[in-house]
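This briefing is intended for a reader who is new to the structure shown below.

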Amino acid sequence: MKPKVAIACQGGGSQTAFTAGVLKSLFENSIQDRVNIVSLSGTSGGALCAFFVWYALKRGDDCLWKRLIDFWQDNTAQTPQERFFNDSVIKTLEKASQGLIPQYNLSPSSPLVKTLFSLATRGMRSRFTDFTELLATHIDFSEIEAWGAQSEPPVLIIGACNILTGRLHKFNSYREPMRIEHLLASACVPSIFPAVTLEAMAYWDGLFSDNPPIEDFIKRDSVGIKNIAQEIWVIKINPTTCDRTPEAPSEIADRRNELEGNVSLFQNLRQIENINMMFSRGAFRKEFLAEVDIKEPFKIPKLFPEDPDQPYHIPMIDMSEDLAKSLTYESKLDRSAENINRLILDGEKQGQKFIDARFRQMG
């Protein structure tokens with residue numbers, strides 16, 4: 001029997017082009033023929049990647065990664081005006097984080113900000129400045145609406161934060177049709193975009209909630225009893241460790257962002273670690289395990305390098321160490337072709353390494 005696999009995609013803005021490269025590599029290796037992909041989840045940029053793959057799988061596209069890579073290439077700064085705008089924004093943010101210039105905080109809902117943005121982006125492709133248009137160029141959301149809720153795999157789960165109730169929120173294809181607003185909500189960085197309003201509720205970036213959603217992969221109410229995962233593959237953006245104590249303001253901001261981005265991921269994985277420990281001690285009824293087709297502990301990545309190895313541990317899909325060290329918080333907003341392409345390329349390499357290790361482990 002092919003293992004039931006769920007793929008979780010951590011958020012991180014432009015850096016999730018790495019995730020696109022990983023997914024391209026996985027599907028170039030035809031993982032869809034070697035495992036049953038029962039669920040996909042993501043937050044922010046990770047939600048975008050998961051969404052594109054889910055859409056391609058549901059439609060039965062011949063090439064499951066092409067639509068995703070096309071989106072990321074279309075998302076890059078291409079014209080001279082776009083490249084100048086992108087480079088100016090990134091350099092300004094870098095100088096501000098280094099304390100070289102003052103930092104001004106303005107509301108993205110401010111009429112002044114909207115006017116300045118309109119003037120600064122004049123002459124650029126509308127898809128470059130309008131995220132909604134960019135998404136609608138590559139995905140037919142009317143087609144998805146016609147599908148309705150989807151009980152057949154894969155299930156798609158997108159993380160967001162309800163800023164009015166303070167609750168974590170997960171948009172779930174098992175329960176409702178997926179909408180463009182779900183992606184916009186998950187990717188709504190509050191310092192850049194106004195809150196996304198949906199059915200009288202307001203949402204911000206899923207980084208404030210689950211990054212990415214994981215625990216739902218093993219909940220029958222979230223994915224259906226037939227879609228409970230046996231393995232959880234995690235594509236991680238934020239590095240776990242740091243080789244020295246940050247001291248400069250920009251280094252502190254970078255490390256703080258990385259730590260905050262990993263908090264919910266590690267909490268979710270730790271919960272499943274605890275379930276695995278209970279499993280190994282015979283804490284679950286055999287009737288229940290047979291019902292959900294689980295015969296052994298859930299296979300998950302190890303949280304920290306120094307944690308003891310367990311039989312159920314599988315590799316985490318991380319960026320290469322050299323690339324991770326070269327990135328800053330500002331690179332999460334950098335849409336230059338150079339930044340996007342090097343992230344995709346590293347994702348392809350790390351995806352291949354994961355496939356080689358995972359299937360060697362499986363025999």
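The side chains of E260 and R256 form a salt bridge, with N and O 3.0 Å apart; a salt bridge is a side-chain nitrogen of Lys or Arg within 4 Å of a carboxyl oxygen of Asp or Glu. Both residues belong to helix α12 (residues 249–280), where they are four residues apart, about one turn of the helix. The model is predicted, so local features need pLDDT of at least 70 and side-chain atom pairs count only at pLDDT 80 or more, whereas totals for chains, interfaces and linings use all residues. Residues are numbered from 1 along each chain as its sequence is written, and side-chain values use heavy atoms, with hydrogens and water left out.

**Salt bridges**

- E260 is partly exposed, at a relative accessible area of 45%, while R256 counts as exposed at 57%; buried means under 20% relative accessible area, exposed over 50%, and partly exposed in between (1.4 Å probe, protein chains only).
- K66 is joined to D70 by a salt bridge whose closest N and O atoms are 2.7 Å apart.
- K66 and D70 are four residues apart in helix α4, a separation of about one helical turn.
- An α-helix has 3.6 residues a turn, so residues three or four places apart point the same way.
- K66 has a relative accessible area of 44% and is partly exposed; D70, at 32%, is also classed as partly exposed.
- E215 and K170 form a salt bridge with closest N and O atoms 3.3 Å apart.
- E215 is in the loop between β6 (201–204) and α11 (220–223) and K170 is in strand β4 (residues 168–172), so this pair ties together parts that are 45 residues apart in sequence.
- Both E215 and K170 are buried.
- A network of salt bridges links K170, D210, E215, D216 and K219.
- The whole structure contains 24 salt bridges.

**Helix α8**

- Helices (H or I, at least four residues) and strands (E, at least two) are DSSP runs, numbered from the N terminus.
- In helix α8 (residues 131–138), the buried residues are L134, L135 and H138.
- These residues cover an arc of only 95° around the axis, which puts them on the same side of α8; the arc is that of the directions from the helix axis to the C-beta atoms.
- The elements covering the buried residues of α8 include α3 (45–59), α4 (66–74) and α10 (180–186).
- At the start of α8, a side-chain oxygen of D130 comes within 3.1 Å of the backbone nitrogen of T132.

**Nonpolar cores**

- A nonpolar core is a set of buried Ala, Val, Leu, Ile, Met, Phe, Trp, Tyr and Cys residues joined through side-chain atoms within 4.5 Å.
- The largest nonpolar core has 62 residues, of which I7, L23, I31, F51 and W233 touch the most other members.
- Helix α3 gives the most to this core, with ten residues.
- A second, separate core of 24 residues includes I157, F217, F298 and I300.

**Residue L57**

- L57 lies in helix α3 and is partly exposed, with a relative accessible area of 22%.
- Leaving aside residues up to four places away in sequence, L57 touches F27, I37, L40, L64 and P154, contact meaning heavy atoms within 4.5 Å.

**Confidence**

- The chain has a mean pLDDT of 91, and 96% of its residues reach 70 or more; pLDDT is the predictor's confidence in each residue, from 0 to 100.
- Confidence in the chain is lowest in helix α13 (residues 286–291), at a mean of 62, and highest in helix α1 (residues 17–28), at 98.

Terms used. Polar contact = N/O pair within 3.5 Å; in protein donor to acceptor, adjacent residues only side chain to side chain.
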